[in-house]
Amino acid sequence: MSLIGNLFFSSIGRKFIMAITGLVLVGFVFGHLVGNLQIFLPPDHINGYAHFLQDLGPALWLVRIVLLVCVALHIWAAVALTLESKAARGPNQYGVHKWLHATWASRAMRWTGVIVFFFILYHLAHFTLGVAGQETFKTQLPEWTMQHDAKELGITLAKKGEVVHDVYSMVFLGFQNPVVSLFYIIATTLLSIHLLHGVESLFQTIGWRNGSWSAFLRKVVTGLCILYFLGNLVIPGAILAGIAKPAEGTAAAKITAGTPVTAPAAHN
Amino acid sequence: MVAETSKNISVTIRVWRQPAADQPGKFVDYPAKDLNPNMSLLEMLDVVNDQLERIGEDPIAFAHDCREGICGTCSLVIDGKPHGPHHGVASCQTYMRSFEDNSIITIEPFRAKSFPIVKDLISDRSAFDAIQQAGGFISIRTGSAQDANATPIPKDIADLAMDAAQCIGCGACVAACKNASAMLFVSAKVSQLGLLPQGQPERDTRVLNMVAKMDELGFGNCTNQYECSAACPKLISHDFIARMNRDYLAASFRTAFKPKPAASGGGGA
């Protein structure tokens, strides 16, 4: 078979595609989380960051297309491999079956994956497309005027005085809905469990795992997954519990206080 | 393992009975009474079969050969685990003292689409032979024995190759895997030769051909749950699967980009 044939139509090749696309997506979800944690900083931070991402233009679309292709390939490989494996096991099941070594996270991969997929669709509808939770979508809220220059890693994200979408308020208002927050918490918990097996597994698939460092790898992956879980818990969790309150002067603070915000928001 | 004991035990065995490949099977209970606890599980089946024959019933068909744990012929799933309760022990080396008095022991054949059941507890594992024939060898005239040190091999490499060569090809890895994947077997066979100098000339074609044959024969895909190595009577490590994955990917790239000799249609125009 050719190289492409080996990668796309052999058992190991498809697993490799699953691993590599998984690695890209893991990189994305960790970066995405770190970016989102700016919700706990003054509004300039996340609003400037969101403005910068929106302003990337073709580069943003390039990243989006790469991510969509990775998601598509990851799901395609998972479905193809699963169907083959189900067929390989055959119709006759064991009368008695004992699990010998498989972790619970590994046994839950298929359904954690499916639920996370539906969560991604909802998440895009919610915060990217504004189809779900339309009344608190960024385009429905008064715009935010940057109070200071927003800079990260030496890059200017947005300049003082620039008028940008108020992503900060959108997130605060979105997560004040308990059903929405709980769905986010459950889905990101399942994603953390998915990664618990997935990240370790990708090292095995690529061939970079062996007995001499597997215990260390397990610890690192478990630690990363716990951090990922906590980071994702704290955003909707702190907002829902009222521990994190929207900053003064934001649309979120006004709406929470019951003040109408149809007029442009006042700024200091 | 339980220490040798002299108190006889009685058990009920719940055995998969299937008259032929194309007929449905079912579990049937048989009493096995007053057994010497130091007899092997297969000897217990011999005793039960003896009784069945005396009353004119069809004896339970099961595969066995050396009964020393080295041939890989015995292939029983005992109480839900291929080769029974112990770690690194084949069915034939499992003794009745490992079971409680008056317990029910469920005995089934290895199950996988690529291991069709022939009769009762016997499954046809010739798919493994086909994988071996696809590359589990070295094409070389060995001639007479070389001097021991003619081809130096570091001790750790020799040991690792021997670990892989422990595989007796019993199929417990496939039987234990929820995906009926043969990757532990194939990775052991790929590695035992791929680690040694004599295996290098065919290293790439070996891994490519054996994996292609494994896929063609309908074995499932590895989900890195390591049920295989936990069930392996020879304790083959799943590290060999990682090694095979790396070997396969490297071989795929190397083969794609290596120049082809003129004789096989390559070369300049």
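Over residues 263-268 of chain A, pLDDT stays under 50, and for this stretch the model has nine contacts beyond four places in sequence. The structure is a predicted model, and chain A as a whole averages a pLDDT of 92, with 97% of the residues scoring at least 70. Within chain A, confidence is lowest, at a mean of 85, in strand β2 (residues 150-152), whereas α2(A) has the highest value, at 97.

| Part of chain A | pLDDT |
|---|---|
| Chain A | average of 92 |
| Strand β2 (residues 150-152) | mean of 85 |
| α2(A) | mean of 97 |
| Residues 263-268 | under 50 |

Turning to the interface, the contact between the chains draws 36 residues from chain A and 42 residues from chain B. On the side of chain A that touches chain B, the elements giving two or more residues are α1 (3-9), α2 (11-36), α4 (58-89) and α8 (178-206) of chain A, and of these α4(A) gives the most, with six residues.

In chain B, the residue B:A145 lies in the loop that runs between α2 (126-133) and α3 (155-165) of that chain. B:A145 counts as exposed because 7 other C-beta atoms lie within 10 Å, and the cut-off for an exposed residue is 12 or fewer. Between the C-alpha atoms of B:A145 and B:N221, which are 76 residues apart along the chain, the separation is 40 Å.

Key:
Residues numbered from 1 in each chain as written. Chains lettered and ligands numbered in written order. Predicted model: local features only at pLDDT ≥ 70, side-chain atom pairs only at ≥ 80, totals over all residues. Contact = placed C-beta atoms within 7 Å. Helix = DSSP H or I, 4+ residues; strand = E, 2+ residues; numbered from the N terminus. Buried ≥ 20, exposed ≤ 12 C-beta atoms within 10 Å, placed from the backbone. pLDDT = per-residue confidence, 0-100.
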